[in-house]
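Trainee: I'm new to this one, could you walk me through it?
Mentor: Gladly, let's bring it up and take it piece by piece.
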Amino acid sequence: MGTPLSGVAAEQYPRVARFYTPETWIEGRSEDQLDHVAGWPGIARVAAFPDLHPGRHGPVGAAFLADRLYPQLVGPDIGCGMALFRLSLPRRRLKLDKAVRRLSALDEPMPAGAAEEALGAADLAGISGTGLGTIGGGNHFCEVQEVVAAEDADLATGDLCLLVHSGSRALGAGIFARLAARWAEGFAEDSPAGRDYLELHDSAVRWAALNRRMIALRAAEALGADLEPICDAPHNLVTRAGGGWLHRKGAAAPEAGRAPLAGSRDDLSFLLAAAPGAEALWSLSHGAGRRYDRSAMHGRIRKHRSGLDAMTRNRFGGQIVCADRDLLIEEAGSAYKPVTRVAEDLEAFGLARRAATLAPLLTWKTGARR
DNA sequence: ATGTAC
């Protein structure tokens, strides 16, 4: 389909590179998925990270270099990523109960005029603003965090930050669904479907980054603070790299040498100073990685009232707002691997170092009951 | 992942 890949795609590196140590638990099925995708037509190389876990169309926590486009290796949430912002709010001025009440603004849709204006300023005029500024479901969140250690010039111990994990909402899902029937062997970049996908994909990537910024702006406004962007690293996207098409699925593309590494809502998060090279397909872990899938979590959590109430507090004394009972269970801290293990592996392979450590104070999922 | 599909 495409031209054979040369350079970094050739024998210089292993076809399947794994950047995790034996100390890190990896579900066997995700390694099977990794090997399976590595055998698809036109796949030159794959790199897997310590947050690897099984996904619907292939493993999550991996990057794939191909001579063609495979939309299923990006998935429906095109452009999804993690963005970190510093808040101009002293820790002593954050009152959790009041913040919980005010952050319910995140559940409301943005006024249509404001959404349109933001889209126009981001060169996305004419694209639907439905869902812009809202978090969505699944593993997405907007979290107030406190810096507990920092070597980064933009952060100091005691600073408050927002970590936003969200994507392109219905926009990416719609693009994915429309092209779903035509994937099997991927698209050549110069085919009509390939060109269509790339154009729609690129706008969804920009829409998703704008969405994270709008979520952070709305949260900062609710908290009465100003916002300073630290970095925004997408982890579901395809870009030109390494002489081919680099697909990332739950694999972070660092921005200017930095990327957030999100722990669960009951764990630390890190700001990584990152220099992953060709061997790691220029990518990093995006988070802790799931240990148990959603359905398994329903069997693992005792669902009496006091147990569920306890799940709205984290080990740092912080609070979780998630009125959707199923989501509260499915996204429990115990559903994820320890993020420190993931960071240690990335450091062991020289892909990144921890430049800041952050603890969650308030995780906003949804205030709406289901 | 999803203004969630029947």
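This is a predicted model: local features need pLDDT of at least 70, side-chain atom pairs count only at pLDDT 80 or more; totals for chains, interfaces and linings use all residues.

Trainee: OK, how many salt bridges does a search of the whole structure find?
Mentor: Searching the whole structure turns up 20 salt bridges, and we can look at a few of them in turn.

Trainee: Let's start with R86, which side chain does it meet in a salt bridge?
Mentor: The side chain of R86 meets that of E228, with a distance of 3.6 Å from N to O. R86 sits in strand β4 and E228 in strand β7, which spans residues 227–234, and the pair links distant parts of the chain that are 142 residues apart.

Trainee: What about D154, what does it form a salt bridge with?
Mentor: D154 pairs with R258, and their closest N and O atoms are 3.1 Å apart. D154 lies in the loop between β5 and β6 while R258 belongs to strand β11, so this pair ties together parts that are 104 residues apart in sequence. D154 is partly exposed at 31% relative accessible area, whereas R258 is buried at 16%, a value under the 20% cut-off.

Trainee: Where does R240 come in?
Mentor: R240 forms a salt bridge with E189, and the closest N and O atoms there are 2.4 Å apart. Since R240 is in strand β8 and E189 is in the loop between α4 and α5, the pair ties together parts 51 residues apart in sequence.

Trainee: Which residues are linked in a network of salt bridges?
Mentor: Such a network links R290, R294, E330 and E331.

Trainee: Switching to helices, which residues of α3 are buried?
Mentor: In α3, which covers residues 112–121, the buried ones are A115, A118 and L119. Looking down the helix axis, the buried residues of α3 fall within an arc of 100°, so they line one face of the helix.

Trainee: And what's on the other side of α3?
Mentor: There you find E116, E117 and A121, which are exposed.

Trainee: Last one, which residues form the positive surface patch?
Mentor: That patch is made up of R92, R93, K95, K98, R101 and R102, and one of them, K95, is placed in the loop between β4 and α2.

Terms used:
Residues are numbered from 1 along each chain as its sequence is written. Chains are lettered from A and ligands numbered from 1 in the order in which they are written. Side-chain values use heavy atoms; hydrogens and water are left out. Patches are made of residues with over 30% relative accessible area and no salt bridge: like charges are joined within 9 Å, nonpolar side chains (Val, Leu, Ile, Met, Phe, Trp, Tyr) within 5 Å. Accessible areas come from the Shrake-Rupley method with a 1.4 Å probe; for residues, only the protein chains shown count as cover. A salt bridge is a side-chain nitrogen of Lys or Arg within 4 Å of a carboxyl oxygen of Asp or Glu. Lys and Arg count as positive and Asp and Glu as negative; His and the chain ends are not counted. The place of a charge is taken as NZ of Lys, CZ of Arg, CG of Asp or CD of Glu. Helices (H or I, at least four residues) and strands (E, at least two) are DSSP runs, numbered from the N terminus. Buried means under 20% relative accessible area, exposed over 50%, partly exposed in between (1.4 Å probe, protein chains only). The arc is that of the directions from the helix axis to the C-beta atoms.
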